[in-house]
Amino acid sequence: MNIHEYQAKELLKTYGVSVPVGGVAYSDQQAARVAEDIGGHRWVVKAQIHAGGRGKAGGVKVVNSIDDLKKAVDAMIGTRLVTHQTGPDGSLVQRVWIEQASAIQKEFYLGFVIDRGTQRITLIASSEGGMDIEEVAREQPEKIIHEVIDPAIGLLDFQCRKVATAIGLKGKRMPQAVKLMKAIYRCMRDRDALQAEINPLALVGDGDGQLMVLDAKFNFDDNALYRQKAVTEMRDLAEEDPKEVEASGHGLNYIALDGNIGCIVNGAGLAMASLDAITLHGGRPANFLDVGGGASPEKVTNACRIVLEDPNVRCILVNIFAGINRCDWIATGLIQACNSLKIQVPLIVRLAGTNVEEGRKILAESGLSFITAENLDDAAAKAVATAQG
Ligand code: ADP
Ligand code: MG
């Protein structure tokens, strides 16, 4: 789960990390009040969407007057911001964050990611902040520092000093850098984050300056949300795929894909295998959908409805290997769905496992035309032929 930049900054602030003073606004009027409240004479207007690359796309604007601030806010709110991370449709800007503009001396990069190879959190740092870290990794790989953190003892001072030195944070900046790195790591650990990215971490002000987090991005472990109430409350459903949100509300695991064969399967493993089988036969799945165990007729009907909300779907492959599930429930659910949703596309159904005979009988006696399949391979072949026909 992702959160907005301003939420990440508010979270980091509670760990003693320096961030610019700011406030959220949903309109130009509100933004003007925020700017007057926080004071100063230069502000930054920042579009709050769950994607980076906003600076280059017009989603970060420095302004010198309340009039310009209002204009910048007005131009951002309600538009779809397209950055290299949003995809061509962009993301709708519903709120902006207004903060005091800092006088930047230099920008750095700090990231904490889980490295699957070492199974540890790795601190990644670079003196080349503010830009795309992928680009730095490609063109100047020597400018990227890695430091692996032992989960049993945490991030140690000497490691922070090593990283700080390597990116050029020496002298008076060193103790501040050490404190900041440790605070971000602690925050990540406490909140079950999978990733924390600070880009840029900036040296601001005059003389020796001060380190400040100007942009922060966090990604949290969905499986840990049950014990992270404060994190869960920061969830912005408007940033997520509405079909995926609706599906999770019904206890269904749905992920939209770009093909034309809808899929309703029980179990994530079988669902993945079904997508593979479709692809093997030359077709393209429209979605991943795991109905889970104990799929009641209502759940099956909801699954059909969500799959059919995708206008590209030309047929639906239903692949059930019932263990905890029961084929008769699935069959009843499919008939209910056909009747209540007036389904126009063909359904290819493969049932196996618990109560399979009852399930098949229910389908056969329904008077509706299902295309039945013997096994996964047969089902995938029939689905692909139907979608192409
Ligand atoms: P994104 O990563 O989405 O492009 P950032 O928040 O990193 O957005 O902003 C892009 C750039 O804008 C930063 O690299 C920095 O140079 C500048 N910037 C961001 N916030 C401030 C601020 N408070 N004061 C001055 N400059 C800022
Ligand atoms: Mg950034």
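This is a predicted model: local features need pLDDT of at least 70, side-chain atom pairs count only at pLDDT 80 or more; totals for chains, interfaces and linings use all residues.
The protein contains 13 helices and 18 strands, and its C-alpha trace spans about 85 × 50 × 40 Å along the principal axes. Of the 389 residues in the protein, 48% are buried. The accessible surface amounts to about 18200 Å², and carbon and sulfur atoms account for 51% of that area. When contacts between residues at least 6 apart in sequence are considered, 69% of them join residues that are at least 24 apart.

The burial of residues can be followed into helix α1, which covers residues 5-13. Seven of the nine residues of this helix are buried, so α1 is largely enclosed by the rest of the structure. The buried residues of α1 are E5, Y6, Q7, A8, K9, L11 and L12.

Two pairs of packed helices are described next. In general, the packing of two helices is described by the angle between their axes and by the distance between those axes. Helix α2, formed by residues 28-38, packs against helix α3, formed by residues 66-76, at an angle of about 140 degrees, and the two axes are 9 Å apart. Angles over 145 degrees count as roughly antiparallel and those from 65 to 115 degrees as roughly perpendicular, and α2 and α3 are therefore oblique to each other. The crossing in which α2 passes α3 is right-handed. On the side of α2 the contact is made by D28, Q29, A31, A32, A35 and E36, while α3 contributes I66, L69, K70, V73 and D74. Sorted by class, the residues in this contact of α2 with α3 comprise six nonpolar, one polar and four charged.

The second pair consists of helix α10, residues 297-308, and helix α11, residues 327-341, which pack at an angle of about 50 degrees with their axes 8 Å apart. It follows from this angle that α10 and α11 are oblique to each other, and their crossing is right-handed.

In general, most residues other than glycine have a negative phi, and most peptide bonds are trans. Against this background, the peptide bond that joins N199 and P200 is cis, with omega at about 10 degrees, and P200 itself lies in strand β10, which runs over residues 193-204. Q119, although not a glycine, has a positive phi of about 60 degrees. This residue, Q119, is placed in the loop between β7 (104-115) and β8 (120-126), and it counts as exposed because its relative accessibility is 67%. A positive phi, near 50 degrees, is also found at K342, which is a residue other than glycine. K342 is located in the loop between α11 and β17 (347-353), and with a relative accessible area of 58% it is exposed.

Two further loop residues are buried. I167 is found in the loop between α5 (157-166) and α6, and at a relative accessibility of 4% I167 counts as buried. Once the neighbours within four places in sequence are set aside, I167 is in contact with F108, A125, S126, S127 and I145. The C-alpha atoms of I167 and Y109 are 9.0 Å apart in space, although the two residues are 58 residues apart in sequence. D192 belongs to the loop between α6 (173-190) and β10, and D192 is buried, since its relative accessible area is 15% and residues under 20% count as buried. Apart from neighbours within four places in sequence, the contacts of D192 are with F220, D221, A224, R227 and Q228.

Technical notes. Residues are numbered from 1 along each chain as its sequence is written. Chains are lettered from A and ligands numbered from 1 in the order in which they are written. Side-chain values use heavy atoms; hydrogens and water are left out. Axes are lines fitted to C-alpha atoms, for helices over the stretch in contact, and angles run from 0 to 180 degrees between N-to-C directions. Helices (H or I, at least four residues) and strands (E, at least two) are DSSP runs, numbered from the N terminus. Angles under 35 degrees count as roughly parallel, over 145 as roughly antiparallel, 65 to 115 as roughly perpendicular and the rest as oblique. A crossing is left-handed if the near helix is turned anticlockwise from the far one by less than a right angle, and right-handed if clockwise. Buried means under 20% relative accessible area, exposed over 50%, partly exposed in between (1.4 Å probe, protein chains only). Contact means heavy atoms within 4.5 Å. Accessible areas come from the Shrake-Rupley method with a 1.4 Å probe; for residues, only the protein chains shown count as cover. Ala, Val, Leu, Ile, Met, Phe, Trp, Tyr, Cys and Pro count as nonpolar, Asp, Glu, Lys and Arg as charged, and the others, Gly among them, as polar.
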